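Subject: Structure handover and findings

Hello,

Here is the structure for your files. Please open it alongside this note. My findings follow below.

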Amino acid sequence: MINYPTKKLNEAETERRNPNNPINILHRYFICANRMRIYFDEILEKHTKKEIDEKRFGIESTMYMSLWYGLLYVVIEGWGDLELKDGVIDKLLQSKNTGLLKQYRNAVFHYPKTKKYNDDRFESFYKETTTVAWVRQLNKEFGRFFIEYFKKKEKITDQQEMGRI
């Protein structure tokens, strides 16, 4: 058996790598939501270029958008549970769109009691003219938050290794 040298991790590095760190758990949900956004945007681009037929576009765009929106609401729930603070994100979350997104998420992940294909919870979200831009901005700001958070942790780790803090 080969014993590779291992570097002892400091406290900040251990926290950053800990899969049970609540921020890491929340980040996992964001990664999943953001991946669905990327797939959704790719389908939109193919549709714009006429590289995909209408039937496939309808199915795939709805699927990726619904999964993106549903998973993004999980990030919102985690944000609240962890009592995280960020001025831009917190302001976006004060929008009535947050409640509409929660209803949308419930429609995505729960079979409708009304047995209607076009669930009212979807329709309420679609009728509000600000939801699309709001979801995109919220997704972008969550991404910014996580990048800043992990960069800050890396800087702390680097400075600790150099004996600065």
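Helices (H or I, at least four residues) and strands (E, at least two) are DSSP runs, numbered from the N terminus. This is a predicted model: local features need pLDDT of at least 70, side-chain atom pairs count only at pLDDT 80 or more, and totals for chains, interfaces and linings use all residues. Residues are numbered from 1 along each chain as its sequence is written, and side-chain values use heavy atoms, with hydrogens and water left out.

Overall content

The protein chain has seven helices and zero strands. Along the sequence the pattern reads α-α-α-α-α-α-α. Of the 165 residues in the protein chain, 36% are buried. Buried means under 20% relative accessible area, exposed means over 50%, and partly exposed lies in between (1.4 Å probe, protein chains only).

Helix H2

H2 covers residues 22-48. Its 27 residues should span 39 Å at 1.5 Å a residue, and the end C-alpha atoms are 39 Å apart, which agrees. The expected span is 1.5 Å times one less than the number of residues. At the start of H2, a side-chain oxygen of Asn 21 comes to within 3.0 Å of the backbone nitrogen of Ile 23. That pair falls under the polar contact rule: N or O atoms within 3.5 Å; within protein, one must be able to donate a hydrogen and the other to accept it, and residues adjacent in sequence count only if both atoms are side-chain atoms. Ile 23 itself is buried. Other buried residues of H2 include Phe 30, Met 36, Phe 40 and Ile 43. Two asparagines, Asn 24 and Asn 34, are also buried there. Just after H2, Lys 50 has a positive phi of about 60°.

Helix H3

H3 runs over residues 54-81. It has 28 residues and reaches 40 Å from first C-alpha to last, close to the 40 Å expected at 1.5 Å a residue. At its start, a side-chain oxygen of Asp 53 reaches to within 3.1 Å of the backbone nitrogen of Lys 55. Gly 70 lies in H3. Gly 70 is buried, with a relative accessible area of 0%. Its C-alpha is 7.6 Å from that of Asn 106, 36 residues away in sequence.

After H3 comes Glu 83, with a positive phi near 55°. Glu 83 is not a glycine. It sits in the loop between H3 and helix H4 (87-93). Glu 83 is exposed, at a relative accessible area of 63%.

Packing of the helices

Two packed helices are described by the angle between their axes and the distance between the axes. Axes here are lines fitted to C-alpha atoms, for helices over the stretch in contact, and angles run from 0 to 180 degrees between N-to-C directions.

How do H2 and H3 pack? Their axes come within 8 Å and cross at roughly 155°. H2 and H3 are therefore roughly antiparallel to each other. The residues of this contact divide into 20 nonpolar, three polar and three charged. Ala, Val, Leu, Ile, Met, Phe, Trp, Tyr, Cys and Pro count as nonpolar, Asp, Glu, Lys and Arg as charged, and the others, Gly among them, as polar.

H3 and H5 pack at about 120°, with axes 9 Å apart. That makes H3 oblique to H5. The angle classes are: under 35 degrees roughly parallel, over 145 roughly antiparallel, 65 to 115 roughly perpendicular, and the rest oblique.

Loops and the later helices

Lys 96 lies in the loop between H4 and H5. Lys 96 is exposed, at 56% relative accessibility. Its side chain makes a polar contact of 3.0 Å with the side chain of Glu 128. Lys 96 and Glu 128 are 32 residues apart in sequence, and their C-alpha atoms are 9.6 Å apart.

Lys 115 is in the loop between helix H5 (97-109) and helix H6 (120-127). Its phi is positive, near 60°, in a residue other than glycine. Lys 115 counts as exposed at 59% relative accessibility.

Val 132 belongs to helix H7 (residues 131-161). Val 132 is partly exposed, at 48% relative accessibility. Its C-alpha is separated by 9.7 Å from that of Asn 97, 35 residues away along the chain.

Best regards
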